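Dear colleague,

I am handing over the structure we spoke of, with the sequence alongside. Please look it over first, and then read on for what was found in it.

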Amino acid sequence: MRRLFIFLCGCVLPLFAGADAASGVTLRLVEGTYRPGDVIELQAEMRRAEYAELSLHVPAHAQLHFVAHTREPVRYVEGEYVQRELLLLQPMNAGVFELSAITATLEHSGAVTEVPLPPVQFTVDSYAAVDASQEAAALGVN
């Protein structure tokens, strides 16, 4: 089982999500405190001993603008081929978002395999959100 890491407010919180272990594909969502218009980064990474071509497919979402979809060059690291794809998303509204039906297409020796990936969920806060914490607010520097 592969890991989906969510980075929350500078702290790392591991959350385990299933993907086909043989495929070597994992998703990583860099998450923090987001507001409408912020850019959210989603990475797919594949590590395999045998070379295969990776292609990430994320269905359109009515409340997310897909800013960019880029591929890093393939690297060979410690006996594994490493491929990454980066997807930049921009939410238009506040709320809870879920990207489901994400798939990765792997092409190896002429054979094409479609691998379903786990859904990714994140929250976009409103600008009008009220801070309900009990901690005192820091004073500004004079």
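Is glutamate 53 buried, partly exposed or exposed? With a relative accessible area of 38%, glutamate 53 is partly exposed. Please keep in mind throughout that this is a predicted model.

Glutamate 53 takes part in a salt bridge with arginine 71, in which the closest N and O atoms are 3.9 Å apart. Because arginine 71 lies in strand E6 (residues 64–71) and glutamate 53 in strand E5 (residues 53–57), this pair ties together parts that are 18 residues apart in sequence.

A second pair to look at is the salt bridge between arginine 84 and glutamate 72, whose closest N and O atoms are 3.7 Å apart. This pair links distant parts of the chain, 12 residues apart, with arginine 84 in strand E8 (residues 80–91) and glutamate 72 in the loop between E6 and strand E7 (75–77). Arginine 84 counts as partly exposed at 24% relative accessibility, and glutamate 72 is also partly exposed, with a relative accessible area of 36%.

Glutamate 45 and arginine 47 form a salt bridge as well, the closest N and O atoms being 3.1 Å apart. Here glutamate 45 counts as buried, at 16% relative accessibility, whereas arginine 47 is partly exposed, with a relative accessible area of 30%.

With kind regards

How values were computed:
Residues are numbered from 1 along each chain as its sequence is written. This is a predicted model: local features need pLDDT of at least 70, side-chain atom pairs count only at pLDDT 80 or more; totals for chains, interfaces and linings use all residues. Side-chain values use heavy atoms; hydrogens and water are left out. A salt bridge is a side-chain nitrogen of Lys or Arg within 4 Å of a carboxyl oxygen of Asp or Glu. Buried means under 20% relative accessible area, exposed over 50%, partly exposed in between (1.4 Å probe, protein chains only). Helices (H or I, at least four residues) and strands (E, at least two) are DSSP runs, numbered from the N terminus.
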